[in-house]
Amino acid sequence: MIAKPQNLTGIGMTSPRARGRMISRLRQHGIADEAVLAAMGAVPRHIFVDEALAHRAYEESALPIGFHQTLSRPGTVARMLEILRAGRASLGRTLEIGSGSGYQTAVLGRLSSELYAAERIAPLLARARSVLSNFPELRHVRLRHADGAAGWADSAPFDSIIVAAAAPFVPPSLRAQLSHEGVLVLPVGEEEQYLYRIRKTARGFSEEKLDPVRFVPLLAGIEK
Ligand code: SAH
């Protein structure tokens with residue numbers, strides 16, 4: 001069943017405080033990138049999940065968003081964005097694969113000059129589009145119903161690419177769509193998965209294997 005979009009003010013006074021507690025917890029857990037913390041502090045995570053789960057939105061847990069997909073826990077979102085920023089002033093032109101609920105899209109939008117986001121499941125994309133339309137500051141976000149594993153060639157190259165589903169290996173097309181000094185972050189692996197950061201440098205691609213993670217698989221094709 002598709003989650004019902006919620007009213008922006010539906011949860012009342014508790015959510016700004018709950019969000020503040022989430023940010024303090026992220027800081028305690030070692031997230032030090034102030035731009036990531038500010039962006040996550042500004043996005044009301046509870047409106048991206050079903051109303052019945054909204055009270056759990058600021059907990060350190062992954063939440064189901066329907067269609068066997070999950071919204072990653074705040075710590076994972078924060079860590080991936082911190083890795084993606086790699087100390088840069090802005091993410092620049094960004095590509096997101098697997099926008100799901102649209103939560104990470106909203107956070108990324110605050111850190112990017114342009115944002116292209118692909119999602120393969122049509123009803124998830126429709127819901128994310130409707131929720132994201134509530135934010136005037138996210139008008140530069142382009143959502144597309146597509147298999148993102150091949151990237152978004154007609155808008156490439158990208159300064160930042162982030163993938164929210166695990167691939168068995170780094171898709172060559174994503175690597176190819178990085179701009180000079182561009183950064184790609186994605187979970188790689190099947191049984192065992194790790195976050196990888198790939199950078200395009202003058203000397204070729206650098207590759208770092210970082211944290212162990214658990215993501216849903218990157219799937220081929222689109223679903224109506
Ligand atoms: N970041 C999302 C959660 C993503 S869950 C959020 O904030 O809610 C992973 C998402 O990747 C799912 O929505 C899934 O449908 C999508 N996905 C998996 N393979 C994909 C592909 N090849 N192209 C586009 N989206 C894909």
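Reply: Strands here are DSSP runs of at least two residues, labelled E and numbered from the N terminus. With that naming, Leu-178 has its place in strand E7. Please keep in mind throughout that this is a predicted model.

Me: Okay, and is Leu-178 buried or exposed?
Reply: Leu-178 counts as buried because its relative accessible area is 1%, and the cut-off for that word is under 20%.

Me: What about His-180, buried or exposed?
Reply: His-180 also lies in strand E7, which covers residues 178–189. His-180 counts as exposed because its relative accessibility is 54%, and that label applies over 50%.

Me: How far is Leu-178 from Thr-201 in space?
Reply: From C-alpha to C-alpha, Leu-178 and Thr-201 are 10.0 Å apart, with a separation of 23 residues in sequence. For His-180 I can give you another pair, namely Ala-42, which is 138 residues away along the chain and has its C-alpha atom 30 Å from that of His-180.

Me: Switching to the ligand: how many residues surround it, and which are the closest?
Reply: The ligand is surrounded by 26 residues, and the closest of them are Ser-101, Glu-119, Asp-147, Gly-148 and Leu-219. Sorted by class, that shell consists of 15 nonpolar, eight polar and three charged residues.

Me: Which polar atoms lie 2.6 Å from the ligand?
Reply: On the side-chain side, a polar atom of Ser-101 is found 2.6 Å from a ligand oxygen. On the backbone side, a polar atom of Leu-219 is 2.6 Å from a nitrogen atom of the ligand. As for Arg-120, a polar backbone atom of that residue lies 3.4 Å from a ligand nitrogen.

Me: And how much of the ligand does the protein bury?
Reply: The protein buries 98% of the 580 Å² that the ligand exposes when taken alone.

Me: Where does the ligand sit, then?
Reply: The ligand sits in the largest pocket.

Me: Which helix and strands supply at least two residues each to the shell around it?
Reply: Those are strand E2, spanning 69–71, helix H4, spanning 103–109, and strand E4, spanning 114–119. Strand E2 gives the most to the shell around the ligand, contributing three residues.

Me: You mentioned strand E3. Where is Thr-94, and is it buried or exposed?
Reply: Thr-94 is part of strand E3, which takes in residues 93–97. Thr-94 is buried, because its relative accessible area is 0%. Between the C-alpha atoms of Thr-94 and Pro-136 the distance is 18 Å, and these two residues are 42 apart in sequence.

Me: Last one, what about Gly-41?
Reply: Gly-41 is found in helix H2, made up of residues 34–42, and it counts as partly exposed because its relative accessible area is 28%. The C-alpha atom of Gly-41 is 6.4 Å from that of Ile-23, a residue 18 positions away along the chain.

Terms used:
Residues are numbered from 1 along each chain as its sequence is written. This is a predicted model: local features need pLDDT of at least 70, side-chain atom pairs count only at pLDDT 80 or more; totals for chains, interfaces and linings use all residues. Side-chain values use heavy atoms; hydrogens and water are left out. A residue is near a molecule or strand if one of its heavy atoms lies within 4 Å of it. A polar contact is a pair of N or O atoms within 3.5 Å; within protein, one must be able to donate a hydrogen and the other to accept it, and residues adjacent in sequence count only if both atoms are side-chain atoms. Accessible areas come from the Shrake-Rupley method with a 1.4 Å probe; for residues, only the protein chains shown count as cover. On a 1 Å grid over the protein atoms alone, a cavity is a set of points where a 1.4 Å probe fits but cannot get out, and a pocket is an open set with protein on both sides within 12 Å along at least five of seven lines; lining residues have an atom within 4 Å of a point. A molecule sits in a cavity or pocket if more than half of its atoms lie within 2 Å of its grid points. Helices (H or I, at least four residues) and strands (E, at least two) are DSSP runs, numbered from the N terminus. Ala, Val, Leu, Ile, Met, Phe, Trp, Tyr, Cys and Pro count as nonpolar, Asp, Glu, Lys and Arg as charged, and the others, Gly among them, as polar. Buried means under 20% relative accessible area, exposed over 50%, partly exposed in between (1.4 Å probe, protein chains only).
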